[in-house]
Amino acid sequence: MTRREHWLLIGLVALTVAIHVAGMARTPLPSQDGLKFIRIAREFGDQPWADVVRRADQHPLYPALIAGLHPIVSSAIGEGPASWRVAAQGVSTLAMTAIVVPFFAFARELVGRRAGVLATLTFIALPISGRIGHETLSDATALLCAVGSLAMGLRAMRTGEVGAAIGAGAIGGIGFLARPEVALVPGVMAVGMGIWRKGRSAALFRSVAVLAPLLVCVGSYAAIKGTISEKLSMRYATGLGQGTGLARSVPHWLPRGLDDPRWDFSPKEESDAPGRLGLMPAVVLVAEGVGEASGWVVVPLALVGAMRGRGSARARRMVEMLAIAFAAVLVRHAMSAGYVSDRHGALLVALATPLSAAGALRIAGRFRPEPSRRRRLVIASLAVLAAVGIGVQLKPGHPSRWGHQQAGRWLADHARPGDAVLDTRGWAAFVSGLTAYDPWHIRQALTDARLSYVVVGVDELSAPSRRAETLGALLRFAAEPVAAFPSREGDEEIGVRVYRFRRPDSWEGIVR
């Protein structure tokens with residue numbers, strides 16, 4: 001790496017840090033799934049780690065990193081819910097900052113130095129980078145490992161270094177502990193090395209060098225957990241179904257009156273059974289998710305860049321092979337589960353971005369401007385790209401959660417020590433710092449004598465569903481409204497309500 005490349009990377013790292021620190025400040029609440037990771041991280045602090053891993057329905061790397069970063073954050077801003085949120089966001093920000101170096105290495109291997117610099121800047125400014133870079137989810141950590149594994153694997157293909165092959169497998173295996181689909185990267189590279197590297201015995205040896213550390217990580221997790229993955233996305237994509245490694249020996253008990261099978265205590269409005277799609281609708285859904293994640297321009301430019309480039313032909317074939325394999329997994333997931341988030345397409349966007357940079361330079365080269373004019377054009381284009389991308393990323397994070405944040409502050413001011421809260425979304429309870437039940441534990445909450453408040457979204461009560469009828473009946477029978485807030489700051493329409501819960505002696509009088 002040249003001195004100029006060092007300074008370019010330092011500048012890109014500084015830009016990345018500035019984007020995500022600003023994004024953290026404008027995202028005051030975790031995502032709903034992020035609350036799960038924070039809960040697991042807290043358990044790592046006071047329970048045996050093996051027990052936490054066995055019980056958790058998420059892979060352990062990201063919450064373990066949160067638990068590791070939290071003491072540093074709490075020493076700076078104090079203990080409390082905010083310190084856990086900042087620690088979770090901090091892990092994602094650190095991951096998206098660290099990804100700059102391996103991403104540039106991967107892009108340079110694929111399309112050359114000049115296009116690699118453009119690709120790295122483009123990736124930093126893309127919507128998906130902002131989407132996951134200061135969120136409380138494991139996607140940024142997983143993407144860092146996936147790109148790091150890919151960069152090491154491409155280096156091993158070019159140089160034949162066994163150490164690089166082992167590094168590719170080890171980084172991919174560590175990434176598996178964040179999200180299981182990361183294991184696809186070293187798995188595909190092991191196959192590619194066996195196909196494209198000259199010398200059968202040497203190629204086989206390097207393939208084994210990639211697979212060995214990957215299998216150690218996967219096998220160690222499976223030995224502790226009893227299954228390869230608890231994540232439904234992984235189970236759908238691989239056809240493992242909805243099974244779980246945890247067996248419930250005792251069913252949830254409900255008092256008489258609430259044990260009517262017509263009551264619906266589902267955690268969300270969606271049915272527990274996954275929707276199903278045909279092949280073509282699933283392909284369209286995946287394409288829409290990737291397009292949204294990449295700002296709708298990366299993939300068309302990548303098709304242009306794939307036609308010709310300065311990088312290694314073997315590296316391109318490897319990336320194309322990985323893209324096809326990962327796209328097939330996403331399509332399989334969409335067919336089985338009926339949905340795909342733009343976050344799921346982050347790796348596909350990362351794979352396409354270097355080729356899109358090569359495509360953009362190829363199109364620009366057709367105009368053949370004078371060198372000085374070309375330089376000004378490139379600088380202006382990069383400035384516009386960075387400004388647009390950063391502007392999109394710095395929009396306020398999740399403004400519709402404002403009402404839940406205010407409800408949490410109200411609870412912190414009005415609840416007594418020892419009071420418990422049932423929060424169907426989880427955000428208000430998180431802000432309050434009180435003992436809380438999430439939407440997956442409504443039955444347990446209703447049998448807890450400490451339950452004193454219920455926080456619910458107005459849209460959950462007005463939905464045409466059995467779940468909405470159940471929540472409405474519970475609140476009419478055993479609660480009274482005590483506070484209400486708009487969903488968004490400045491709105492007049494109420495979006496969140498807080499109820500004072502008074503557990504009845506008997507639920508037998510409740511009616512639908």
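**View 1. Thr 16 in helix H1.** Thr 16 is buried, at a relative accessible area of 1% (buried means under 20% relative accessible area, exposed over 50% and partly exposed in between, with a 1.4 Å probe and protein chains only). The residue lies in helix H1, residues 3–25; helices (H or I, at least four residues) and strands (E, at least two) are DSSP runs numbered from the N terminus. Beyond residues up to four places away in sequence, Thr 16 touches Met 96, Thr 97, Val 100 and Ile 124, where contact means heavy atoms within 4.5 Å. The model is predicted: local features need pLDDT of at least 70, side-chain atom pairs count only at pLDDT 80 or more, and totals for chains, interfaces and linings use all residues. Residues are numbered from 1 along each chain as its sequence is written, and side-chain values use heavy atoms, with hydrogens and water left out.

**View 2. The whole chain.** The chain has 23 helices and 5 strands. Of its 512 residues, 51% count as buried. Among contacts with a separation of 6 or more, 74% join residues 24 or more positions apart.

**View 3. Val 91 in helix H5.** Val 91 belongs to helix H5, residues 81–98. Its relative accessibility is 7%, so Val 91 counts as buried. Tyr 62, Leu 65, Ile 66, Leu 69 and Thr 141 are touched by Val 91, not counting residues up to four places away in sequence. Leu 137 is 46 residues from Val 91 along the chain, and the two C-alpha atoms are separated by 9.3 Å.

**View 4. Helices H16 and H17.** The axes of H16 (residues 313–337) and H17 (residues 346–365) come within 10 Å and cross at roughly 150°. Axes are lines fitted to C-alpha atoms, for helices over the stretch in contact, and angles run from 0 to 180 degrees between N-to-C directions. H16 and H17 are therefore roughly antiparallel to each other (angles under 35 degrees count as roughly parallel, over 145 as roughly antiparallel, 65 to 115 as roughly perpendicular and the rest as oblique). On the H16 side the contact is made by Arg 316, Val 319, Leu 322, Ala 323, Phe 326, Ala 327 and Leu 330, and on the H17 side by Leu 347, Leu 348, Leu 351 and Leu 355.

**View 5. Arg 343 between H16 and H17.** The loop between H16 and H17 holds Arg 343. Arg 343 is buried, with a relative accessible area of 15%. Apart from neighbours within four places in sequence, Arg 343 is in contact with Ile 128, Arg 131, Ile 132, Leu 137, Asp 139 and Arg 179.

**View 6. Phe 265 between H13 and H14.** Phe 265 is found in the loop between helix H13 (232–238) and helix H14 (279–293). At 7% relative accessibility, this Phe 265 side counts as buried. Neighbours within four places aside, Phe 265 contacts Leu 254, Leu 258, Ile 442, Arg 443, Leu 446, Thr 470 and Leu 474. Phe 265 and Leu 471 are 206 residues apart in sequence, with 8.1 Å between their C-alpha atoms.

**View 7. Trp 296 between H14 and H15.** Trp 296 sits in the loop between H14 and helix H15 (298–305). Trp 296 is exposed, with a relative accessible area of 56%. Although not a glycine, Trp 296 has a positive phi of about 70°.
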